[in-house]
Amino acid sequence: MLSTFANVFRIPELKKRILVTLGIVLICRLISMVPIPGVDWKALQDALAHARETAGAGGLMDWLNVFSGGAITRCAVGTLSIWPYISASIIIQLLTAVIPTLGRLSREGETGRATIAQYTRYLAIVICVFQAGALAGSLQAGAFGQGRIVTSPGVSFILMTIISVTSASLFVMWLADQITQRGIGNGASMIIMINITSRLPVAIMEAWQRYFGLGGVEAERNWVELALLLLLGFGVLMGTVMLTQGLRKVPIHSTRRSTGSGRAFSGGMQQTYMPLRVNYTGVMPVIFAGPLIQFPAGALKMIPAHITWLSGLRKFGVLLAEPTSLLHLTVYALLIMFFAFFWVATQFNAVQISDNLKRDGSYVPGIRPGRATAEYLDALMTRVTLIGGTVLLIIALLPQLLRGLINMPWEMASFFGGTSLLIIVGVALDTLRQMESHLLMRNYDGFLKHGRLRGRK
């Protein structure tokens, strides 16, 4: 393995791509540290501390802070980072399945995909302006109920915030494209992974203080618990890799055709397989489920306490917002499973796949072409999604369970599962796969002696 990594830097093109990626990542981290002008730093930190005490750790604020690489706690111009573009991509991808015009564009090859990419960028700008305006308004209104955070409130502050935050987000979006074209890996995914892993030093410091003591503070827990957690973390990591790499291979028989003397004739039978990913949905169900719980829960918690006839809804919101409560865990699990099947239903078109197989002269052994093949693939994908969704559910719930059972700090727990681990593993596999392809093209050994690395869908 070490010799393989050494070979990476013996390939000039691959070495250049890695250095370009590292340079762009450094620029993205600097953007997440430049504060928005006009924000009182001390007042912001007091407000964030009050919000954590009120909402508890692991809420929406901490979730967003992890994915922004700590930019929210610094109120940086890079607070939104690449997320407006990610949100726009998800929306366009869902609309492609229901709007015929977008569906036709997606099937028109490179030209259609370029048009859809342009629509995605336009939508990202709209989302970014809206979110930046909401951020400026909440800061100016005294976000989190802790007095004035903005030193000079007014229309000028709102416009300046919208322009600076939107410009920074668009710049990050352009940098992500540069990573994809000139660097290594997918640019947007790489930036998200770097934002998440930037919180790792904080998690390590919390673990050290928890199990060994730090700065005169005695250790809270025994080192045996740490050893068991490391074993658990290794097992979860291996399970996440298996979930990401897992395939259900559907055998496909096709008639090999050749042309000769102006006529087509059968050249024999060719057997291949259709790979159905166990985790076809990726991390999307977890990304959808988290905010969908926190937003209504936050709205219900804002019901004034003196309105007695709505006290039941307010208590419901408080329980729903608590990540370790049974209500939150139950709703979170149901939403993850719902979105797992919903994503497959909108993105996996069994009828289209069946028609393509029939047109190419291919078929699934033992299944009649056409409608029967579509029904077979749909039923098979449902079973695969049930297995993948169940494993995804376990990984997603593990951080909350650790917090509830052993009172683990949020920064530590987020690396034992959930969205953070799924994204880190997926992006790492994608990047290693691209590096391995460069190595194999130049007759170097890959990272694995047997088999090949597979990235995400």
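**Terms first.** I take helices (H or I, at least four residues) and strands (E, at least two) as DSSP runs, numbered from the N terminus. For the expected span of a helix I use 1.5 Å times one less than its number of residues.

**Ground rules.** I am reading a predicted model, where local features need pLDDT of at least 70, side-chain atom pairs count only at pLDDT 80 or more, and totals for chains, interfaces and linings use all residues. Residues are numbered from 1 along each chain as its sequence is written, and side-chain values use heavy atoms, with hydrogens and water left out.

**Confidence.** I looked up pLDDT, the predictor's confidence in each residue, from 0 to 100. The protein averages 82, and 88% of the residues score at least 70. Over residues 258–266 the pLDDT stays under 50, and I found ten contacts (heavy atoms within 4.5 Å) there beyond four places in sequence.

**Overall make-up.** I list 19 helices and three strands. I call a residue buried under 20% relative accessible area, exposed over 50% and partly exposed in between (1.4 Å probe, protein chains only). By that rule, 45% of the 457 residues are buried. Among contacts with a separation of 6 or more, 72% join residues 24 or more positions apart. I also noted an accessible surface of about 23700 Å², with 65% of it belonging to carbon and sulfur atoms; the areas come from the Shrake-Rupley method with a 1.4 Å probe, and for residues only the protein chains shown count as cover.

How far does α13 reach from its first C-alpha to its last? I get 26 Å for its 18 residues, close to the 26 Å expected at 1.5 Å a residue. Its buried residues include M284, P285, F288 and L300. For α15 (residues 326–347), the 22 residues should span 32 Å, and the end C-alpha atoms are 32 Å apart, which agrees. Among the buried residues of α15 I wrote down H328, Y332, F339 and W343. Which helices do the buried residues of α15 pack against? I found α6 (83–96), α13 (284–301), α14 (311–321) and α17 (371–406).

**Helices α11 and α12.** Two packed helices are described by the angle and the distance between their axes. My axes are lines fitted to C-alpha atoms, for helices over the stretch in contact, with angles from 0 to 180 degrees between N-to-C directions. Those of α11 and α12 come within 9 Å and cross at roughly 140 degrees. Angles under 35 degrees count as roughly parallel, over 145 as roughly antiparallel, 65 to 115 as roughly perpendicular and the rest as oblique. The pair α11 and α12 is therefore oblique. Where they meet, R210, Y211 and F212 in α11 face E225, L226 and L229 in α12. In the loop between α11 (200–212) and α12 (223–245) I stopped at G213. G213 is buried at 10% relative accessibility, and beyond four places in sequence it touches W208, E218 and A219.

**Positive phi.** Most residues other than glycine have a negative phi, and I wanted to see exceptions. C75 has a positive phi of about 50 degrees although it is not a glycine. C75 sits in the loop between α5 (71–74) and α6 and is buried, with a relative accessible area of 4%. N407 has a positive phi too, near 55 degrees. Is N407 buried or exposed? N407 is exposed at 57% relative accessibility, in the loop between α17 and α18 (410–413).

**Pairs apart in sequence.** A76 is also in the loop between α5 and α6, and A76 is buried at 0% relative accessibility. A76 and S32 lie 44 residues apart in sequence, yet 5.5 Å apart C-alpha to C-alpha. Beyond four places in sequence, the contacts of A76 include I31, S32, V34 and A71. R148, in the loop between α8 (109–140) and α9 (155–182), is exposed at 59%. R148 is 101 residues from A47 in sequence and 9.4 Å away in space, C-alpha to C-alpha. Leaving aside neighbours within four places, R148 is in contact with A43 and P153. My last stop was A49 in helix α3 (residues 41–55), which is partly exposed at 36%.
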